[in-house]
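Here is a short report on one protein model. Keep the sequence and the 3D view open as you read.

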Amino acid sequence: MTSFDSSPQLNVWRMLLALAVVFVMLGTTGWTAVRGHRGAATPIAASLAAWERGHIGGHRLPDPDRTTPIRLAQFFASLDTRQRARLAARYPLAVGNMNGAPVALRYRANRIALGQARKVEIARMHDKRLSAVGQRDAGRRMHRYEALMAGKRRILAFDPMGSGRVAEVFGDLGRAERVSVVVPGVDTDLLTFQRTERQYTAPVGMAKALYRAEREAGPRARTAVIAWADYTTPNGLGMDAATGTRAEEGAVRLAALVRALPGRSRVALYCHSYGSVVCGVAAHSLPPRVSDIAVAGSPGMRVERAAQLRTAARVWAVRDSDDWIQDVPHLEVGGLGHGADPMSSDFGARVLSARGAKGHTGYFEPGTDSLRNFAEIGIGAYRAVSCAREDDVCREGLPGTAEAGRA
């Protein structure tokens, strides 16, 4: 299948941008209102509805839509171990995706939810009413759920609806002093969350590589990395990929995740391809704990200059010379396109070296400058990063190297 993240398809982009000019001239804007809202009858909605009717210890459960993550954390802290386990078992999807619930309880709840989803797919595999293609798809999803349940994987979010959403943690999120979040791009879902071949092009491989690189760069640093595919990404190169609709929806979810992270850890975002659009839209709503936003292979962040992101976080950009995204028109017309090139000097990002990376999906490959730079940013060793240009301008005005995490 053609993917925005792996194939140029530049003529399509140019056609879409040309159409945008026509749309503006004709004053036709109704298409921009089309959105992928989900109906109320989703598994998560059903679990939340059951939660809202539930009680524990003679008291009604708090409304997660009207209760802040801090208050929700206080609620769970007031319960004993048995009560928390009971809630995870009764309302696994609600608890597993509830910002404010203890992360260990979310892992437990999502394991239960994955087990339930696996049983559904096993039944679909043998459902004679489904086509052979439908049965094969059920088998693929069943195997993915089994993989996510394997060992001691820490699943922070899980939604089986549609193409699915998921987030996984590497490291001890509860004790981490620095947290890195990998935000992927187009065509990311449950089935593409992890790959055996070309593993570093998928969120799990990206996050694993970054976590290992951070541990190598700062063995004493208390870090955690989140592979965050908990938003509905555009499917292929089409209108969704050329607009900010999916990014706007993802930005809300990304900001909610960051605000609910436990402790006082500093947070760095690593936003690949369309994921950089998500990070750009989210930037102004992110809490001060987000210290860095790094974009790789970015089609734009829906602004013309980094200052317009309205964030105090340092903004970094990296792109390999072989990355086809550099040929995509960096502009926005009538809602199509994502604005200026973050690599341009006028944009104002700190431009990093990508030596060793190959193409649009090679930024997290071990041995590349891009991955090493990401790791140095992740542990706060800013003066150790390597700039794309020899003038070292990307390190200007940075704080001192965070040597505390180094051996």
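## Two loop residues

Lysine 358 is exposed, with a relative accessible area of 62%. (Exposed means over 50% relative accessible area, buried under 20%, and partly exposed in between, using a 1.4 Å probe and protein chains only.) Lysine 358 sits in the loop between β10 and α12. (Helices, H or I of at least four residues, and strands, E of at least two, are DSSP runs numbered from the N terminus.) Its C-alpha lies 8.2 Å from that of serine 321, although the two are 37 residues apart in sequence.

The model is predicted: local features need pLDDT of at least 70, side-chain atom pairs count only at pLDDT 80 or more, and totals for chains, interfaces and linings use all residues. Residues are numbered from 1 along each chain as its sequence is written, and side-chain values use heavy atoms, with hydrogens and water left out.

Now take arginine 319, in the loop between β9 and β10. Is arginine 319 buried or exposed? Arginine 319 counts as buried, at 18% relative accessibility. Contact means heavy atoms within 4.5 Å. Not counting residues up to four places away in sequence, arginine 319 touches Ile325, Gln326, His330, Asp341, Met343, Ala354 and Tyr363. With aspartate 341 there is a side-chain to side-chain polar contact of 3.0 Å. (A polar contact is a pair of N or O atoms within 3.5 Å; within protein, one must be able to donate a hydrogen and the other to accept it, and residues adjacent in sequence count only if both atoms are side-chain atoms.)

## The sheet

Eight strands form an open sheet with mixed pairing, in the order β3-β4-β6-β5-β7-β8-β9-β10. Two strands pair if DSSP finds at least two bridges between them. β3 (154-159) and β10 (350-351) stand at the edges with a single partner strand each, so one side of each has no neighbour in the sheet. Helix α12 (residues 369-379) packs on the sheet and touches β5 (178-183), β6 (223-229), β7, β8 and β9 (314-318).

β3 and β4 pair in the antiparallel sense over five bridges. Here aspartate 159 stands opposite arginine 165 in β4. The two strands form a hairpin with five residues between them, and glycine 162 in the turn has a positive phi of about 60°. β4 also pairs with β6, antiparallel over six bridges. There, phenylalanine 170 faces valine 225 in β6. Seven of the seven residues of β4 (residues 165-171) are buried, so this strand is largely enclosed by the rest of the structure. By contrast in direction, β7 (residues 266-272) and β8 (residues 290-296) pair in the parallel sense over six bridges. Alanine 268 stands opposite aspartate 292 in β8.

## A helix and the cores

The buried residues of α6 include Val103, Leu105 and Tyr107. The buried residues of α6 pack against α3 (69-77), α4 (81-90), α5 (92-96), α7 (132-149), β3 and β4.

Nonpolar side chains tend to be buried together in soluble globular proteins. A nonpolar core is a set of buried Ala, Val, Leu, Ile, Met, Phe, Trp, Tyr and Cys residues joined through side-chain atoms within 4.5 Å. The largest one has 50 residues, and Leu173, Val181, Ile226, Leu254, Leu269 and Ile293 have the most contacts inside it. Apart from it lies another core of 49 residues, among them Ile44, Leu148, Tyr211 and Cys394.

Methods: Axes fitted to C-alpha atoms, helices over the stretch in contact; angles between N-to-C directions.
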